[in-house]
Amino acid sequence: MRLALPADGAGRPDAARLCARLARLYEDGAAAVECDVSAVTAPDLAVVETLARLRLAARGRPLRVTGASAALRALLHLAGLLQLLGEAEEGEPAGGVQEGVQPGDPPV
């Protein structure tokens with residue numbers, strides 16, 4: 001299933017509408033949702049907030065953000081939310097990756 005952010009970004013009313021749409025997609029049986037942000041040409045903090053709200057609305061279900069411009073990637077990096085794109089922050093393991101534990105390792 002697919003969800004797209006509008007070209008002019010997304011303000012609070014858009015975020016609420018998009019979160020409701022995302023919830024309906026999951027309720028209708030979507031196993032995963034792709035959120036296309038390729039139309040966003042001038043990303044701002046409202047877009048970052050909308051993506052963060054969508055991640056929360058997904059409630060742990062698969063949500064893949066695609067089409068992010070270099071400017072949006074940089075903004076998400078500065079906000080510490082690059083993982084919304086499925087990319088690991090510097091020094092962090094990629095999402096869904098668990099570090100291995102060897103038998104006999106002492107607890108941390």
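How many disulfides does the structure hold? The structure holds zero disulfides, a disulfide being a pair of cysteine sulfur atoms within 2.5 Å. This is a predicted model, in which local features need pLDDT of at least 70 and side-chain atom pairs count only at pLDDT 80 or more, while totals for chains, interfaces and linings use all residues. Residues are numbered from 1 along each chain as its sequence is written, and side-chain values use heavy atoms, with hydrogens and water left out.

**The sheet**

- Three strands make up an open sheet, ordered β1-β2-β3, with parallel pairing; strands (E, at least two residues) and helices (H or I, at least four) are DSSP runs, numbered from the N terminus.
- At the edges sit β1 (2–4) and β3, each of which pairs on one side only; two strands pair if DSSP finds at least two bridges between them.
- From one strand to the next, the twist averages 25°.
- β1 and strand β2 (residues 33–36) run parallel and are joined by three bridges.
- Ala 4 has Asp 36 as its bridge partner in β2.

- Helix α1 lies across β1, β2 and β3 and runs at about 175° to β1; axes here are lines fitted to C-alpha atoms, for helices over the stretch in contact, and angles run from 0 to 180 degrees between N-to-C directions.
- Helix α2 also lies across β1, β2 and β3, running at about 155° to β3.

**Where α2 meets α3**

- The pair α2 and helix α3 (residues 70–78) packs at an angle of about 70°, and their axes are 10 Å apart.
- These two helices are therefore roughly perpendicular to each other; on this scale, angles under 35 degrees count as roughly parallel, over 145 as roughly antiparallel, 65 to 115 as roughly perpendicular and the rest as oblique.
- On the α2 side the contact is made by Leu 45, Val 47, Val 48 and Leu 51, and on the α3 side by Leu 72, Leu 75 and Leu 76, where contact means heavy atoms within 4.5 Å.
- By class, the residues of this contact are seven nonpolar, no polar and no charged; Ala, Val, Leu, Ile, Met, Phe, Trp, Tyr, Cys and Pro count as nonpolar, Asp, Glu, Lys and Arg as charged, and the others, Gly among them, as polar.

- Cys 19 is in no disulfide, and the nearest cysteine sulfur, that of Cys 35, is 9.7 Å away.
- Cys 19 is buried, because its relative accessible area is 16%; buried means under 20% relative accessible area, exposed over 50% and partly exposed in between (1.4 Å probe, protein chains only).
- Cys 35 is likewise in no disulfide, and Cys 35 counts as buried at 0% relative accessibility.

**Residues to look at**

- Leu 18 belongs to helix α1 (residues 12–27) and counts as buried, since its relative accessibility is 2%.
- Between the C-alpha atoms of Leu 18 and Leu 5, which are 13 residues apart in sequence, the separation is 8.0 Å.
- Gly 29 is placed in the loop between α1 and β2 and counts as exposed at 58% relative accessibility.
- Arg 59 is in the loop between α2 (45–58) and β3 (63–66), and at 71% relative accessibility Arg 59 counts as exposed.
- Arg 59 has a phi near 50°, a positive value in a residue other than glycine.
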